[in-house]
Amino acid sequence: MSSEAWLIRKAKKGDTKAYGELIQLHKDYFYRNAFCYVKNVDLAGDVFQEAVTIGMLSIKDLKNPNYFRTWMTRIIYNCANEMFRKAERRDRAEENGGASREEIIDLHNAVESLEEPYRTIIKQKYFEDKKISEIAAYTGRAEGTVKSDLSRAKRKLKLILEEG
């Protein structure tokens, strides 16, 4: 068994030191990939760091140790895309001039008036920028159910805000 395979096996069992050594082995490769996606030194560092954290938390789910680099590269790609999506949402919010303080208070009050699970789903999706899959994992519900609940929650929220 190669030393890399041994490190992967240990990392999958929760050995953070072994995981750190794995990252060190491939650090340059991972960073170059991050840079290729974002084309910015600082952003590449942020993407790399986020991917390393996500990888550490989910390495137990790595099915085939032979594909560790490929698996991490996919995480880097997903982190870069998520960063772009967040930036795009921020830009759109700025284009709309932002909401007044009163509108923000009204929105928060409306969200708080929603019953569960709608309140939690709205908060996680729009205030915490969580993905549907992350919300599903947190709430223990199927992704399809979360999507349906999110749609219902938005309709209810719209009614509350229109009435208020």
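Biologist: Hi! Leaving aside its neighbours within four places in sequence, which residues is I23 in contact with?

Modeller: In this predicted model, I23 touches F30, F48, V52, F68 and M72, once neighbours within four places in sequence are set aside.

Biologist: Okay, and which residues have the most contacts inside the largest nonpolar core?

Modeller: Those are Y19, I23, I59, F68 and M72, in a core of 24 residues. The helices α1 (3-12), α2 (16-38), α3 (41-58) and α4 (68-95) each supply at least two residues of this core. Apart from it there is another core, with 13 residues, including V111, I132, I135 and A153.

Biologist: New topic! At what angle do α5 and α8 cross?

Modeller: The axes of α5 (residues 101-113) and α8 (residues 143-163) cross at roughly 130 degrees and come within 10 Å. That angle makes α5 oblique to α8. The crossing is right-handed.

Biologist: Which residues meet there?

Modeller: From α5 there are D106, L107, A110, V111 and S113, and from α8 there are L157, I160 and L161. They divide into 6 nonpolar, 1 polar and 1 charged.

Biologist: What about the loops? Where is K39, and is K39 buried or exposed?

Modeller: K39 sits in the loop between α2 and α3. K39 counts as exposed because its relative accessibility is 60%, and the cut-off is over 50%. Phi of K39 is near 55 degrees, a positive value in a residue other than glycine.

Biologist: And what kind of peptide bond joins E116 and P117?

Modeller: A cis one, with omega about 5 degrees. P117 is in the loop between α5 and α6 (118-127). In general, most peptide bonds are trans.

How values were computed:
Residues are numbered from 1 along each chain as its sequence is written. This is a predicted model: local features need pLDDT of at least 70, side-chain atom pairs count only at pLDDT 80 or more; totals for chains, interfaces and linings use all residues. Side-chain values use heavy atoms; hydrogens and water are left out. Axes are lines fitted to C-alpha atoms, for helices over the stretch in contact, and angles run from 0 to 180 degrees between N-to-C directions. Helices (H or I, at least four residues) and strands (E, at least two) are DSSP runs, numbered from the N terminus. Angles under 35 degrees count as roughly parallel, over 145 as roughly antiparallel, 65 to 115 as roughly perpendicular and the rest as oblique. A crossing is left-handed if the near helix is turned anticlockwise from the far one by less than a right angle, and right-handed if clockwise. Contact means heavy atoms within 4.5 Å. Ala, Val, Leu, Ile, Met, Phe, Trp, Tyr, Cys and Pro count as nonpolar, Asp, Glu, Lys and Arg as charged, and the others, Gly among them, as polar. A nonpolar core is a set of buried Ala, Val, Leu, Ile, Met, Phe, Trp, Tyr and Cys residues joined through side-chain atoms within 4.5 Å. Buried means under 20% relative accessible area, exposed over 50%, partly exposed in between (1.4 Å probe, protein chains only).
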